[in-house]
Amino acid sequence: MSGREYDLLEDARSLVAGQWLQDGEQLRSYAATGRGNYRSEIRGHPSAAYRAATAVGWAAVKLVSPVGIVTGGVPYWNEIRRFEGRPPGLVAFGEGRDCEAARLLKTGPHRSGIWILTDRRFGFAADRITSASDGRQAKGLRRDGDTLVLLDKVLEVPAARFVFEDRVTRGRDVYLRIRFRDGSGVDVRNR
């Protein structure tokens, strides 16, 4: 598959099928996301101070975005804008910052990638763009010319650590819910 530019939203399914799924593993859902974003409904995580600082930071980024464009921040800004306004790919819920969902996600992904839920595991894989001619024989998704896209496993939780519950509705969107033993869990946007 080559001949066009790489697009995370359009290529997510191919990346998951080609680089994440193991033999016989069934894909339940996947959600591409910019910068590993997720929405937290975990009481106390992240802290109110962190949420306030993040809101102020994003407001500042939006205000100075023309400066970023002039100085070469175009790809980063375009990636953020691409996912803006979309429902979150993942919603975490639970009680306190020591719950299983918070522990998994607090050191979690800060790169663009894909939240993935299968019948065997849940995880996050970050996308990485490299050159197909850099000397390595990597199994990746080839795109426009010399571009090779690889998935790096960032987070992986085996199915023995969670229970798949079912579909849940959040507004107009449908998510698939998994719950950890302590009652916390995550909802992955259904595809």
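V163 is found in strand β8. The model is a predicted one. V163 counts as exposed because its relative accessibility is 52%, and the cut-off for that class is over 50%. Leaving aside residues up to four places away in sequence, V163 touches R177, I178 and R179. The C-alpha atoms of V163 and F180 are separated by 6.5 Å, although the two residues are 17 apart along the chain.

**The mixed sheet**

Strand β8 belongs to an open sheet of five strands with the order β2-β3-β10-β9-β8, in which the pairing is mixed. Its edge strands are β2 (39–43) and β8 (162–170), each of which pairs on one side only. On average, neighbouring strands here are turned by 20 degrees against each other, direction ignored.

Within this sheet, β2 and β3 pair in the parallel sense over five bridges, and S40 has A92 in β3 as its bridge partner. In a regular strand the side chains alternate between the two faces of the sheet. In β2 the covered face consists of S40 and I42, while R39, E41 and R43 make up the uncovered one. Strand β9 (residues 173–180) and strand β10 (residues 185–189) run antiparallel and are joined by five bridges. In that pairing, L176 stands opposite V188 in β10.

**The antiparallel sheet**

Strands β5 and β7 run antiparallel and are joined by eleven bridges; the bridge partner of T130 in β7 is L148.

| Strands | Sense | Bridges |
|---|---|---|
| β2 and β3 | parallel | five bridges |
| β9 and β10 | antiparallel | five bridges |
| β5 and β7 | antiparallel | eleven bridges |

**S29 in strand β1**

S29 lies in strand β1 (residues 27–33). Is S29 buried or exposed? S29 is buried, because its relative accessible area is 1%, where the cut-off is under 20%. A polar atom of the S29 side chain lies 2.4 Å from the backbone oxygen of R189. Not counting residues up to four places away in sequence, S29 touches W115, I116, L117, L176, V188, R189, N190 and R191.

**Nonpolar cores**

The largest nonpolar core has 22 residues, and L105, W115 and F122 touch the most other members. At least two residues of this core come from each of β3 (90–95), α5 (100–106), β4 (113–118), β5 (121–131), β7 (147–158), β9 and β10. Helix α5 gives the most, with four residues. Another core, of 14 residues, lies apart from it and includes L8, I114, L141 and V149.

**The chain as a whole**

The secondary structure of the chain comes to five helices and ten strands. The chain has 191 residues, and buried residues make up 40% of them. Among contacts with a separation of 6 or more, 65% are between residues 24 or more positions apart.

**Confidence**

The chain averages a pLDDT of 79, and 72% of the residues score at least 70. Where is confidence lowest and where is it highest in the chain? Confidence is lowest in helix α4 (residues 74–83), with a mean of 46, and highest in β9, at 96.

Key. Residues numbered from 1 in each chain as written. Predicted model: local features only at pLDDT ≥ 70, side-chain atom pairs only at ≥ 80, totals over all residues. Heavy atoms only, no water. Pairing = 2+ DSSP bridges. Axes fitted to C-alpha atoms, helices over the stretch in contact; angles between N-to-C directions. pLDDT = per-residue confidence, 0-100. Buried < 20%, exposed > 50% of the residue type's maximum accessible area, 1.4 Å probe, protein only. Contact = heavy atoms within 4.5 Å. Polar contact = N/O pair within 3.5 Å; in protein donor to acceptor, adjacent residues only side chain to side chain. Core = buried A, V, L, I, M, F, W, Y, C linked by side-chain atoms within 4.5 Å.
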